[in-house]
There are 2 protein chains.
Amino acid sequence: MATPRRSRRAERGPDTVHRVAKSEETRSLIVATAMRLFSEKGYDRTTMRAIAGEAGVSVGNAYYYFSAKEQLIQGFYDELSHQHLTASRQALEGEPDFGTRLKTVLLTWLDVARPYHRFGTQFFVNAADPESPLSPFSVDSTAAREASIGLMREVIESSDVKLDQELREELPGLLWLYQMGIVLFWVHDRSPHTKRTRMLVERSVPLIARLVGLSRLRVLRPVSREITSLIRDLAKQD
Amino acid sequence: MATPRRSRRAERGPDTVHRVAKSEETRSLIVATAMRLFSEKGYDRTTMRAIAGEAGVSVGNAYYYFSAKEQLIQGFYDELSHQHLTASRQALEGEPDFGTRLKTVLLTWLDVARPYHRFGTQFFVNAADPESPLSPFSVDSTAAREASIGLMREVIESSDVKLDQELREELPGLLWLYQMGIVLFWVHDRSPHTKRTRMLVERSVPLIARLVGLSRLRVLRPVSREITSLIRDLAKQD
DNA sequence: CGGTCGACTTGAACACGTTCAAAAGATCGT
DNA sequence: ACGATCTTTTGAACGTGTTCAAGTCGACCG
C-alpha cells in the first residue's frame with residue numbers, strides 16, 4: 001500500500017446539492033471502464049494507469065474525480081444494491097409467508113451477486129475497514145444501508161407474521177445484520193456455485209422464522225424484550 | 001497496493017518440523033522491531049524500510065524471513081491469543097456459573113486487546129481477506145482457532161450448565177463465532193474506552209446464557225436440533 | 001477585445017511493498 | 001586446505017497508488 005490513507009472527506013463544500021452536469025460524462029466513463037476492467041481482471045490486477053488509459057484520460061484526471069482507487073468500487077455497490085432491490089420487490093409480489101419472503105430476498109441477493117463472486121471478494125475486503133466509507137456501517141453508506149433495512153421492513157410488513165410492536169420496529173435492523181452475516185459467509189465460501197451458502201440460507205431462514213414466531217411465547221418474551229432494548233441502547237450514543 | 005498478491009504457500013518443504021536455530025535470532029529481532037514500530041506509528045505508517053533499518057538488516061533480508069509485511073502481524077496475533085488464554089484460565093478459576101464464565105472470557109479479551117485498539121483495527125482488516133492466512137477461518141489459523149474454541153469448551157465443561165450432548169459438542173464453535181462477532185463490533189467501536197462493546201458483552205452474555213438454558217425446553221428442542229445439525233452439515237464438505 | 005477566474009487536465013515525481021540476481025558466509029566431505 | 005553446496009544477506013530495480021505544480025480551456029466581465 002503506497003497510500004497515505006486518512007485523507008477522507010475534507011471536501012464537500014456547499015455544492016453538494018448540485019453536481020456539475022458537464023463533467024459527469026467523464027466521471028461515468030471512468031467508472032464504467034473501471035467496472036469492466038475489474039470484472040475482467042479483478043480488482044488488484046487492474047491498475048489505475050490501465051483504467052485511465054482505456055478511458056482515454058490521464059491518471060491525474062481519474063484522481064480528480066475519485067479520491068482513491070477504492071472509491072471506484074462504490075459504483076459496484078450501487079449497481080448491486082439497486083439490482084437487488086428491484087429484483088427482490090418483484091419476486092416478493094403476492095407472497096404472504098414471512099419465511100418465504102425472507103428466503104427470497106436472500107436468495108435473490110445471491111443470484112444478483114453471483115457474477116461478482118470470483119472477484120467480488122476483493123471488493124468486500126475493503127468494506128471491512130472501519131475507516132473506509134465503503135464499510136456497510138459507515139456514515140457514507142447510510143443511504144444504501146437504510147434502503148436494505150427498508151427492504152427487510154417490507155419483508156415483514158407485507159407478510160402474515162405476528163409480532164409485537166417493539167420487535168416489529170427493531171427486526172428489520174436485525175435481519176439486515178443477519179444478511180450481512182450471510183454475505184460474510186458467501187465471501188468465504190469456496191464451494192462450487194457457493195452451494196454451501198445456499199444451504200445455509202435454505203436452512204437458517206426457517207430457524208429465524210421459527211424463532212420470530214416463538215418470540216411472543218411467555219418464556220421467550222423477556223429475551224425478546226431485552227434484545228430490542230439492547231439494540232436501542234447501543235444505538236443511542238455516538 | 002503494489003502487491004502481486006496470490007503468492008501464498010508454495011514453499012514449505014519437508015523441513016517444516018525443525019526450524020534452523022541459527023537465524024531464529026534475526027527473525028525474532030525483525031518481528032520485535034516490527035511490533036514496536038507498529039504500536040508506535042500504526043501499521044500503515046510503518047514502512048518495511050523503517051523496520052529493516054531499525055532492526056539493522058536490509059530490506060531484502062526481512063523478506064527472506066517474512067514473505068510479506070502482512071505476515072509480520074502474525075506475531076501480534078500469537079502474542080494476543082497467548083495472553084488471552086492464560087489470563088482467561090486464571091480468571092475462570094473456581095467460577096461455576098456459565099454466564100459469568102463466558103463473560104469473563106470476553107471481558108478478558110477486551111482487556112488484553114485494549115492497548116492495540118488504536119492501531120489494531122488496521123491489523124484486523126487484513127484478517128477479513130478470505131485469501132489471507134491471517135483470516136480466522138483460514139487453514140493457517142487452525143491452531144489458534146482450535147485453541148480459542150478449546151477455551152470455550154472449558155467455559156462450558158467446568159460450569160454447571162445443563163445441556164444435551166449434541167449441543168454440548170457444537171456450542172464451543174458457536175460461542176467462538178459469537179466472540180468473533182464481538183471482536184467485529186469492537187473493531188468498529190469508536191466510543192471512549194470501547195464502552196459500547198463492554199455494554200454489548202455485559203448484556204448479550206446473559207441472553208446467550210438464557211437461551212442455552214432454554215434450549216432443552218420442549219418448544220425449543222427442534223430449533224436447537226436443527227442448529228446443531230446445520231452446523232455439522234456445513235462443516236462436512238470442503 | 002483583453003483579462004481574470006474557475007473548472008478541468010496533464011504527466012512527471014514520490015513513497016511504498018516487493019523481487020531478484022548477485023555476493024558473502026557457513027558447513028562439510030575429502 | 002579446497003572446492004561444493006547450501007543458507008543468509010544485500011541493495012538496486014520494478015510496478016503500484018497517489019500527489020502536485022503547471023498547464024489548457026471556456027465563460028464571463030470591463
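# Close-up views of a predicted two-chain model

**A helix-turn pairing in α1 of chain B.** Glu40(B) is partly exposed, with a relative accessibility of 46%. This is a predicted model, and the views below walk through it one spot at a time. Arg36(B), the partner of Glu40(B) in a salt bridge, is partly exposed too, at 37% relative accessible area. The closest N and O atoms of Glu40(B) and Arg36(B) are 3.3 Å apart. Both residues belong to helix α1 of chain B, which covers residues 24-41. Their spacing of 4 residues is about one turn of that helix.

One of the links to look for runs between Arg203(A) and Asp233(B), where the closest N and O atoms come to 2.5 Å. Across the whole interface of chain B and chain A, the rule finds 6 salt bridges. Over all chains, the count of salt bridges is 28.

**The chain B side of the interface, element by element.** Which residue pairs hold polar contacts here, and how many are there between chain B and chain A? With both partners at pLDDT 80 or more, the count is 10 residue pairs. On the side of chain B that touches chain A, the elements giving two or more residues are α6 (117-127), α8 (165-188), α9 (195-214) and α10 (221-236) of chain B. Of these, α9(B) gives the most, with 10 residues. Sorted by residue type, this side of chain B has 21 nonpolar, 7 polar and 14 charged residues.

The size of an interface is often given as the accessible area lost when the parts come together. Between chain B and chain A, this comes to about 3,900 Å², and carbon and sulfur atoms give 64% of the buried area. In chain B, the residues that lose the most area to chain A are Arg196(B), Arg203(B) and Leu234(B), together 16% of what that side buries. As for residue numbers, 42 residues from chain B and 41 residues from chain A take part in the contact.

**Two copies related by a rotation.** Chain B superposes on chain A by a rotation of 180° with 0.0 Å of shift along its axis, at an RMSD of 0.1 Å. This is the relation of a two-fold axis. Of the interface residues of chain B, 98% are also interface residues in chain A, so the copies meet through the same surface.

From the N terminus on, the elements run α-α-α-α-α-α-α-α-α-α. Chain A has 238 residues, and 44% of them count as buried. Take the contacts in chain A between residues at least 6 apart in sequence: 70% of these join residues at least 24 apart.

**A tie between α8 and α10 of chain A.** Glu166(A) and Arg225(A) form a salt bridge, and their closest N and O atoms are 3.4 Å apart. Glu166(A) sits in helix α8 (residues 165-188) and Arg225(A) in helix α10 (residues 221-236) of chain A, so this pair ties together parts that are 59 residues apart in sequence. Glu166(A) is partly exposed at 25% relative accessibility. Arg225(A) also falls in the partly exposed class, at 42%.

**A pairing within α10 of chain A.** Lys236(A) makes a salt bridge with Asp233(A), the closest N and O atoms lying 3.3 Å apart. Both residues are in helix α10 of chain A, and their separation of 3 residues is about one turn of the helix. Is Lys236(A) buried or exposed? Its relative accessibility is 64%, so Lys236(A) counts as exposed.

The side chain of Ser191(B) makes a polar contact with the side chain of Asp189(B), at 2.8 Å. It also reaches the backbone nitrogen of Lys195(B), at 3.0 Å.

Notes:
Residues are numbered from 1 along each chain as its sequence is written. Chains are lettered from A and ligands numbered from 1 in the order in which they are written. Side-chain values use heavy atoms; hydrogens and water are left out. Contact means heavy atoms within 4.5 Å. Buried area is the accessible area (1.4 Å probe) that two parts lose on being put together, summed over both. A salt bridge is a side-chain nitrogen of Lys or Arg within 4 Å of a carboxyl oxygen of Asp or Glu. A polar contact is a pair of N or O atoms within 3.5 Å; within protein, one must be able to donate a hydrogen and the other to accept it, and residues adjacent in sequence count only if both atoms are side-chain atoms. Ala, Val, Leu, Ile, Met, Phe, Trp, Tyr, Cys and Pro count as nonpolar, Asp, Glu, Lys and Arg as charged, and the others, Gly among them, as polar. Buried means under 20% relative accessible area, exposed over 50%, partly exposed in between (1.4 Å probe, protein chains only). Copies are superposed by least squares on the C-alpha atoms of residues with pLDDT of at least 70 in both.
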